[in-house]
Amino acid sequence: VYILGGGRTDFKRNLKKEGKTIRHLIIEAGKKAIDDAKIDPGEIQAGAVGNFNAGQFTKQLQLGAFIPEIDPKLHGIPTMHTEAACASGALSVLLGAQWIMGGFYDVVLVVGAEQQKTMSSLDGSDVLGAAADYHNEKPEYGDFMFPKLFGRIAQIYIDKYGASEADLAQVAWKNYAHAKLNPLAQMRDADLTLDCASQVSDKNPSVAPPLKVSDCSQITDGAASVVLVSGKYLDKIGRDKKKTARLLGFGHTTDYLALDKKDAPTFSTARKAAEKAFGMANLKPRDMQGAEVHDCFSITEIVAYEILGLAESGKGVELVKSGATTLPQVRNQKSGKVPFEIPVNTGGGLIADGHPVGATGVRQVFDAYQQLTSQAGARQIENAKRFLTFNMGGSLTTSVAMVWGRD
């Protein structure tokens, strides 16, 4: 399975203020991917749309029906909508890839989209609560469930390994610094110093201790899209396989829904997804030159380092503090040698690039494609040949790890 092209929207936009809806997001991102792939839309045989909760955010479902609006030549093709909370996007990529692996189709359009700026933050957080064990966890955690759920994970981690709030701030500082290199990032114009990220202040209030505003991803409108194709199709149209990104391995697992039924902060079920991906690719974590990991909150990125085998249990904080996961372009502001290099979330991650829930998993794959084809501009990782994406939904409930590479 190869990525022939991709595209995304500017995550800083507010669609409601533009008088637009999720329909426009899906059409815009889909068009960009097809244009980038340089193929006739009539070549596309099926479509998948990753989305979490458009039914509540926008009163609109049946999202696959917007695919034919991208181009009349797509009218009539089969489409499907995937949902697994924040992992909805990665599942749509996986669905498209498995269709191709199974020999059903040779060209699949995958779009991930979410429009969240449609209501107050309180109402929006209640809609997001559907990704948790709503009827059991809402009475316990109350309003703003997800910051509180991840605040709980952060506290468990701190109690077990002795990390501090200042350690979490390293992730936020890094991702905001990376976002400055990304012209489509939601927080590209924001300045966040390590000092500001480390302390509770009027500018950076506490949300769900130990998490502050800077530790949290934003409410975002956005979409991303990729065109997935078979090797047979690339041969047919005479494109060089060495010039694009290929799926080398994947893993997908589902844990219990409620946080208290999971083994936080180890998350052994999520670890199985990573192990499957690396096993299928016949590669190790240290073989990666870069990664896009799910950082809905700063603690999630640290936990993800350990889930993915980039750091040992309890050593995720040491990894981010070493500068290993920071782009050299940014790290040069702070001197020092790093143990090994694996820039993570080079466009700003969910915290600073933005987190349009259903789009995130597709956006990560689009970033992998850009890095592997040297199209990442100011945030390019030098000579990237192997790349990891990790998208998860709920409180580490659904986990999808994918290893991408170029020959």
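Angles between axes that are under 35 degrees count as roughly parallel, over 145 as roughly antiparallel, 65 to 115 as roughly perpendicular and the rest as oblique. With that in hand, here is a short tour of the model.

## About the model

This is a predicted model, in which local features need pLDDT of at least 70, side-chain atom pairs count only at pLDDT 80 or more, and totals for chains, interfaces and linings use all residues. Residues are numbered from 1 along each chain as its sequence is written, and side-chain values use heavy atoms, with hydrogens and water left out.

Helices (H or I, at least four residues) and strands (E, at least two) are DSSP runs, numbered from the N terminus.

## Helix 6 and helix 11

Two packed helices are described by the angle between their axes and the distance between the axes. Helix 6 (residues 145-161) packs against helix 11 (residues 298-307) at about 55°, and their axes are 10 Å apart. The axes are lines fitted to C-alpha atoms over the stretch in contact, and angles run from 0 to 180 degrees between N-to-C directions. Helix 6 and helix 11 are therefore oblique to each other.

From helix 6, the contact (heavy atoms within 4.5 Å) uses Phe150, Ile153, Ala154, Tyr157 and Tyr161, and from helix 11 Ile299, Thr300, Ile302, Val303 and Glu306. Eight of these residues are nonpolar, one is polar and one is charged. Here Ala, Val, Leu, Ile, Met, Phe, Trp, Tyr, Cys and Pro count as nonpolar, Asp, Glu, Lys and Arg as charged, and the others, Gly among them, as polar.

Buried means under 20% relative accessible area, exposed over 50% and partly exposed in between (1.4 Å probe, protein chains only).

Strand 9 pairs with strand 10 (residues 386-393) in the parallel sense over four bridges; pairing requires at least two bridges found by DSSP. Opposite Ala291 stands Leu388 of strand 10.

## Backbone details in the loops

Pro209 and Pro210 are joined by a cis peptide bond with omega near 10°, and Pro210 sits in the loop between strand 5 (206-208) and strand 6 (211-212). The bond from Ala264 to Pro265 is also cis, with omega about 0°.

The loop between strand 8 (245-254) and helix 10 (268-281) holds Pro265 as well as Phe267. Phe267 has a positive phi near 55° without being a glycine, and is buried at a relative accessible area of 0%. Leu396, in the loop between strand 10 and strand 11 (398-405), has a positive phi of about 65° and counts as buried at 2% relative accessibility.
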